[in-house]
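Reader: I would like to go through this structure term by term and see what each label rests on. Please set the values against the cut-offs as we go.

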Amino acid sequence: MLGDWNYIRIFESYLQANLTAMPQNRNLFFIFILISFFSCKEKKKNNILEKSNKITSTKIDSTKINQNLNKTDTIQISKEHKVNTIKCDLDGDNLDEIIQIVRNTKNGKSGLRIIFGNKKKIDHLGLGKDVLNQGFDEIDWAGIFEIAPKNEIYYNNVSDEGEIITEDEVKDEDKIKLKNDGIFIHAEESCGGGVIYLENGKYNWIQQE
């Protein structure tokens, strides 16, 4: 009943109209004022608590947090490679990229994650997708993972017939001097591997047996 504001207004008007004619109503009027004061104070307190509860519920969105965690967890650094991280400057901006051997937990395939030094770009190679048209989609075979230093000369050392060729057999125009660092991956105890380098924003492959 105390929460009924219309009732309170009617009751207050009645007391004011009869206050002069009925002096005994003065005590009732003061009691009414006290009751109204505490009632309004309690109502204000309840409103504050209600607003506080609404703010708390909108700050936490566990669904979005879990979705972000799941996206992050699908690609993990490989634990099967002795060396799984190197740093080098692939694009020549004097900022080292972080190159990691990682694994796609959805299909089990490995590959490379390239985190650029400017923090604006991340590229992935492999992980179940063909690597630069070389006929493989993962790099579990890569026992050697290291930097191919800039200014070094490389060339495809396998002929179209699959024969290994020497530097003397390679034309000068087919030799590649790296302008920036590259990535060298190779099988540890057998033939097979190559250099990945970046030129004009495009990844290229140099076969190294």
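**Labels and what they rest on**

Author: Glu167 has a relative accessibility of 39%, and it is called partly exposed. The model is a predicted one.

Reader: Why does Glu167 count as partly exposed?

Author: Buried is under 20% and exposed is over 50%. The 39% of Glu167 falls between these limits, so the residue is partly exposed.

Reader: What makes the contact of Lys175 and Glu167 a salt bridge?

Author: The rule asks for a side-chain nitrogen of Lys or Arg within 4 Å of a carboxyl oxygen of Asp or Glu. For Lys175 and Glu167 the N to O distance is 3.6 Å, so the pair meets the rule. Lys175 is itself partly exposed, at a relative accessible area of 24%.

Reader: Is Asp123 buried or exposed, and how do you know?

Author: Asp123 has a relative accessible area of 14%, which is under 20%, so it is buried. Its salt-bridge partner is Lys121, at 3.6 Å from N to O. Lys121 has 40% relative accessibility and counts as partly exposed.

Reader: Which residues have the most contacts inside the largest nonpolar core?

Author: They are Ile99, Leu112, Ile114, Phe145, Ile183, Ile185 and Ile196, in a core of 20 residues. Two or more residues come from each of strand E2 (85-88), E3, E4, E6, strand E9 (182-187), strand E10 (193-199) and strand E11 (202-207). A second, separate core has seven residues, including Tyr154, Phe184, Val195 and Tyr197.

Reader: What does Ile196 touch, leaving out residues up to four places away in sequence?

Author: Ile196 touches Leu112, Leu125, Leu132, Gly182, Ile183, Ile185, Tyr203, Asn204 and Trp205. Ile196 is also the bridge partner, in E10, of Ile183.

Reader: What makes E9 and E10 a pair?

Author: Two strands pair if there are at least two bridges between them. E9 and E10 are joined by four bridges, so they pair, and they run antiparallel. Their hairpin has five residues between the strands, and Gly192 there takes a positive phi near 120°.

Reader: How do you know that E10 and E11 pair as well?

Author: Six bridges join E10 and E11 in the antiparallel sense, and at least two are required, so the strands pair. Glu199 has Lys202 as its bridge partner in E11, and Leu198 stands opposite Tyr203 in E11. In this hairpin two residues lie between the strands, and Asn200 takes a positive phi near 55°.

Reader: Why is E10 described as mostly covered?

Author: Six of the seven residues of E10 are buried.

Reader: Which strands stand at the edges of the four-stranded sheet, and why?

Author: The order in this open, antiparallel sheet is E6-E9-E10-E11. E6 and E11 each have a single partner strand, so one side of each is left without a neighbour in the sheet. From one strand to the next the twist averages 20°.

Definitions and conventions:
Residues are numbered from 1 along each chain as its sequence is written. This is a predicted model: local features need pLDDT of at least 70, side-chain atom pairs count only at pLDDT 80 or more; totals for chains, interfaces and linings use all residues. Side-chain values use heavy atoms; hydrogens and water are left out. Buried means under 20% relative accessible area, exposed over 50%, partly exposed in between (1.4 Å probe, protein chains only). A nonpolar core is a set of buried Ala, Val, Leu, Ile, Met, Phe, Trp, Tyr and Cys residues joined through side-chain atoms within 4.5 Å. Contact means heavy atoms within 4.5 Å. Axes are lines fitted to C-alpha atoms, for helices over the stretch in contact, and angles run from 0 to 180 degrees between N-to-C directions.
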